[in-house]
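Hello,

Here is the structure I promised to pass on to you. Have a look at it, and then read on for my notes.

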Amino acid sequence: MKKITFSAFALLLAFTSFSQTEQGRILVGVGSDLRFSSQSFEGSDDNFNTFSVGLGGGYLLIANFVAGANIGEFSSNSFGIGPFVRYYYEQFFAEAGVNFSESSSESDFFESDSSLNQVNLGLGYAAFINDYIAVEPSLNYSIGGGDVDGQNTFSLNVGFAIYLP
């Protein structure tokens, strides 16, 4: 058992010992998330689960600090765009961003077109497969505003990123 634990630790250390987040690299990524939110409409109290796919890119301005932009399309007929910053500590990262989106929704209880502005905060881990490619799971919280009140959501994201030299 000790050999298996040691081997797993050595493998994890090998994956995290590269310096992929040095100044001047370009980050290109694709991610998805599963969001859970609870919203109340007159005559209904429903929970909504949504799935979204997004693209993003950034530039490492200094070692471990990325600034960039995300664009995304969500399952509820919406499109969003916004800037983000990310800071790495070893392979862990903290991220903050703003998202501006427009959406169109229809159900048995309502039909609407709306805009939503969100502040996004997240914590994640960049598990590098090699010097250039990482799998990046993260936990995020979004604070919403705009035409629709109460759009605060937790999401679990899984992304893939390419760190170009």
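**Around Ala-134**

Leaving aside neighbours within four places in sequence, Ala-134 is in contact (heavy atoms within 4.5 Å) with Ala-126, Ala-127, Phe-128, Ile-129, Gly-159, Phe-160, Ala-161 and Tyr-163. This is a predicted model, where local features need pLDDT of at least 70 and side-chain atom pairs count only at pLDDT 80 or more, while totals for chains, interfaces and linings use all residues. Residues are numbered from 1 along each chain as its sequence is written, and side-chain values use heavy atoms, with hydrogens and water left out.

Phe-128 stands opposite Ala-134 in strand 8. Strands here are DSSP runs of E with at least two residues, and helices are runs of H or I with at least four, numbered from the N terminus. Strand 7 (residues 127–128) pairs with strand 8 (residues 133–146) in the antiparallel sense over two bridges; pairing takes at least two DSSP bridges. The two form a hairpin, strand 7 and strand 8 having four residues between them. Strand 8 also runs antiparallel to strand 9, joined by 10 bridges.

Ala-134 and Phe-128 both belong to the largest nonpolar core, which has 11 residues, including Tyr-88 and Tyr-163. Such a core is a set of buried Ala, Val, Leu, Ile, Met, Phe, Trp, Tyr and Cys residues joined through side-chain atoms within 4.5 Å; buried means under 20% relative accessible area, exposed over 50%, partly exposed in between (1.4 Å probe, protein chains only).

Best wishes
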